[in-house]
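Dear colleague,

I am passing a structure on to you with this email, and I would be glad if you kept it open while you read my notes on it.

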Amino acid sequence: MALSLQKARGIMRTALFLGFVTSILVPACATEPTDELGEETAADGEEGKGDAAGAFTFFNVIADTRACSLNSPPDCGSGFFVSRANRTTTQCGRGPAQSQCKLDLFYWQTGMPASVSKGYEDRLREGQSLLVRGSIQPDPADRGATLVVNEIWVPNTTEFVDGVFTLVKDNGVRCITAPCPSLTERRLNSNLFADITGIDFDASSADAEAIELAQSQLYGDGLIVVGYRDYDSRGGKVRTANRFFTKAPVPLF
């Protein structure tokens with residue numbers, strides 16, 4: 001009886017140990033990843049307050065391609081729509097903030113030749129999108145506004161995707177063991193940031209050459225990634241690259 005009881009206790013201890021190990025391993029796989037940069041909050045802040053990392057004043061730009069009718073606004077089908085990446089409102093001029101701004105003019109303060117800048121405008125009119133960094137400057141007579149562009153960021157694909165826009169750069173951290181948080185991602189138009197172990201490019205459908213070029217940008221101007229929080233096989237935090245942008249003049253297509 002004593003031997004049988006000892007064996008039973010040993011089996012019980014083994015079962016408890018295995019259950020403890022399983023409780024450590026399961027949560028990372030079974031629970032939905034929490035994205036600390038995923039939602040717009042008051043902690044995002046505004047331009048000029050803690051923007052030492054240069055993550056503010058990024059705008060999504062698309063052309064106004066609406067099909068117009070007799071009852072459409074006079075500006076229907078011309079110009080461009082501009083909105084802040086990751087934010088629900090954009091300050092278009094001196095009035096209240098709006099979901100997006102309708103602009104007719106660009107001022108390309110990028111140092112590029114006029115012919116190159118015009119090429120980007122032509123891309124927009126063809127239905128493509130751009131991500132730019134700059135400022136919206138209202139006309140002194142309130143006759144509209146101009147988007148002053150300082151940087152142009154070109155997407156790896158024309159396909160629109162959902163996700164959080166983050167600017168990712170190598171932070172210089174090097175580790176002996178994995179996971180190693182060697183990248184820092186900053187939510188665009190926000191003060192929020194997080195250290196991550198890598199970028200998952202699988203969802204981008206980019207080829208090896210495009211991904212290699214994108215990875216090289218992590219050591220310079222950075223790479224803008226649109227995607228979601230995930231974990232790698234070792235439990236490290238990553239960002240899925242459903243789409244990514246490189247700073248011009250390094251277009252990917």
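The notes below take up the disulfides and then a sheet.

Please bear in mind that this is a predicted model, in which local features need pLDDT of at least 70 and side-chain atom pairs count only at pLDDT 80 or more, while totals for chains, interfaces and linings use all residues. Residues are numbered from 1 along each chain as its sequence is written, and side-chain values use heavy atoms, with hydrogens and water left out.

A search of the whole structure turns up 2 disulfides, a disulfide being a pair of cysteine sulfur atoms within 2.5 Å. One of them links Cys92 with Cys101, at 2.0 Å from S to S, and this link is left-handed, with -90° about the S-S bond. Both Cys92 and Cys101 are buried (buried means under 20% relative accessible area, exposed over 50%, and partly exposed in between, with a 1.4 Å probe and protein chains only).

Cys175 and Cys180 also form a disulfide, with 2.1 Å between their sulfur atoms, and their link is right-handed, with 70° about the S-S bond. Cys175 counts as partly exposed because its relative accessible area is 38%, whereas Cys180 counts as buried because its relative accessibility is 16%.

Turning to the sheet, 3 strands form an open, mixed sheet in the order β10-β13-β12 (strands are DSSP runs of E with at least two residues, numbered from the N terminus, and two of them pair if DSSP finds at least two bridges between them). The edge strands, each pairing on one side only, are β10 (198-200) and β12 (229-231). Strands β10 and β13 (residues 237-240) run parallel and are joined by 3 bridges, and Ile199 stands opposite Arg239 in β13.

Key:
Helices (H or I, at least four residues) and strands (E, at least two) are DSSP runs, numbered from the N terminus.
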